[in-house]
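Hi there,

Here is the structure I promised to pass on to you. Have a look at it first, and then read my notes below.

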Amino acid sequence: MFEQMPRGSRRRFLATAAAAAGVAAVGLPRVAIAAPPRLKIGLMLPFSGTYAIHGETVADAIKLRVAELGGKLGGAEVEFVRVDDESSPPKAKDNAAKLIVKEGVDVLIGTIHSGVAEAMVQVAREEGTLTLVPNAGSNRITRALCAPNIFRTSFSNWQANQPGGPMVLDAGHRNVVLMSWNYAAGKEMMEGFRESFTAGGGTVVKEFMPDFPKDEFQPYLTEIAALKPDAVYAFYSGGGALKFIKDYAAAGLQGKIPLYGPGFLTDGVLNAAGPAAEGITTVLHYASTLDNPINKKFRADFEKTSGREVDVFAVQAYDAASLLAQGLAAVEGDIKARKALFAAMEKAEIDSPRGKFRFSRAHNPIQDFYLRRVENGEEKVLGIAAKAVEDPATGCKA
Ligand code: BEZ
């Protein structure tokens with residue numbers, strides 16, 4: 001019996017059995033009261049630091065989806081346990097173990113930072129815990145680290161930046177400066193862009209990669225003003241992106257040297273950035289202004305319940321909860337039916353605010369990327385930059 005139970009259920013079974021034994025010992029009547037089934041979800045997210053805004057958004061969007069489903073997934077009452085991962089890779093294995101081993105969660109959902117996610121996934125693979133990645137784009141997660149129990153509802157860093165090269169080339173720019181943070185996501189995103197940009201005849205004239213999460217951008221912006229590239233392509237996100245956008249405008253570069261990037265640059269900070277964000281052109285698998293009924297409803301509901309602007313992080317998290325709901329519905333809530341559960345999740349079609357999508361064999365979304373520009377404080381959708389982009393899943397053996 002124990003062999004068929006996932007860790008968390010086993011631990012709760014023991015706790016329930018022990019409690020039942022205690023009742024019998026004091027001589028009370030043996031009344032079998034079936035406790036309502038519970039599903040314990042561990043949220044491993046940054047609730048402090050430059051990505052704190054994304055952590056809160058992910059948690060809120062998951063709760064919104066669960067609330068829409070009556071507070072239950074697969075017939076079980078959902079219980080959340082949160083850990084602040086601080087976007088700290090050195091603490092990631094301990095934080096994942098805290099949720100999986102100590103808390104005995106049935107499902108792990110995390111995280112934002114690619115370096116943290118890679119370490120988290122390694123623990124989840126060893127423990128076999130069903131894990132959903134609602135953001136971190138580390139290529140390795142759906143390549144060499146892919147596994148039957150690991151699903152991602154966001155993107156790979158390669159996938160989110162491949163459409164960037166043609167976007168910048170089509171606008172007539174040939175010489176660009178790259179800017180990002182020197183960590184897994186920053187490096188992979190710049191590499192994804194460089195690949196398609198240089199293949200199309202573009203040249204990277206300089207690359208600035210301060211350490212994560214440093215936000216002293218001024219010296220680099222001064223150098224960019226002197227270099228006068230055709231354009232800048234940058235990946236920052238959260239608090240760092242807000243500071244970068246404001247510093248770029250304050251340095252007098254806005255409107256002079258066009259600013260491009262993956263859409264994480266503006267998502268979640270658009271309102272706070274105000275006029276400094278005008279004109280920034282990005283590619284992303286979502287835009288808050290997408291004209292479809294699911295997005296319109298989601299945007300209104302999310303903004304009402306969270307008090308924050310809707311963004312891609314909210315959508316990816318909302319979709320993670322939808323994926324879990326579909327999987328658990330297929331096995332009538334039996335999380336122990338792992339083979340059938342994973343098979344149902346693999347086959348799922350998610351009716352997302354970003355548009356419908358399905359998963360690759362490595363459990364990464366196959367999805368369209370939109371071309372967007374900030375105009376009058378909104379992400380205007382200029383068109384589809386690339387259709388049905390699929391990460392190559394190189395090295396995925398699962
Ligand atoms: C990452 O580290 O993978 C990441 C962080 C923020 C936005 C997008 C990607």
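How do the residues of the shell around the ligand divide into nonpolar, polar and charged? There are ten nonpolar, five polar and no charged residues; here Ala, Val, Leu, Ile, Met, Phe, Trp, Tyr, Cys and Pro count as nonpolar, Asp, Glu, Lys and Arg as charged, and the others, Gly among them, as polar.

Before going on, please note that this is a predicted model, where local features need pLDDT of at least 70 and side-chain atom pairs pLDDT 80 or more, while totals for chains, interfaces and linings use all residues. Residues are numbered from 1 along each chain as its sequence is written, and side-chain values use heavy atoms, without hydrogens and water.

In total, 15 residues surround the ligand (a heavy atom within 4 Å), and I112, S114, G137, Y183 and A185 are the closest. Oxygen atoms of the ligand make polar contacts (N or O pairs within 3.5 Å): one lies 2.7 Å from a side-chain N or O atom of S114, and one is 3.0 Å from a polar backbone atom of G137. The protein covers 100% of the 260 Å² of accessible area that the ligand has on its own (Shrake-Rupley method, 1.4 Å probe).

Elsewhere, a search of the whole structure finds one disulfide (cysteine sulfur atoms within 2.5 Å). C146 and C396 form this disulfide, with sulfur atoms 2.1 Å apart. The torsion about their S-S bond is about 90 degrees, so the disulfide is right-handed.

Happy exploring!

Note on methods
A polar contact is a pair of N or O atoms within 3.5 Å; within protein, one must be able to donate a hydrogen and the other to accept it, and residues adjacent in sequence count only if both atoms are side-chain atoms.
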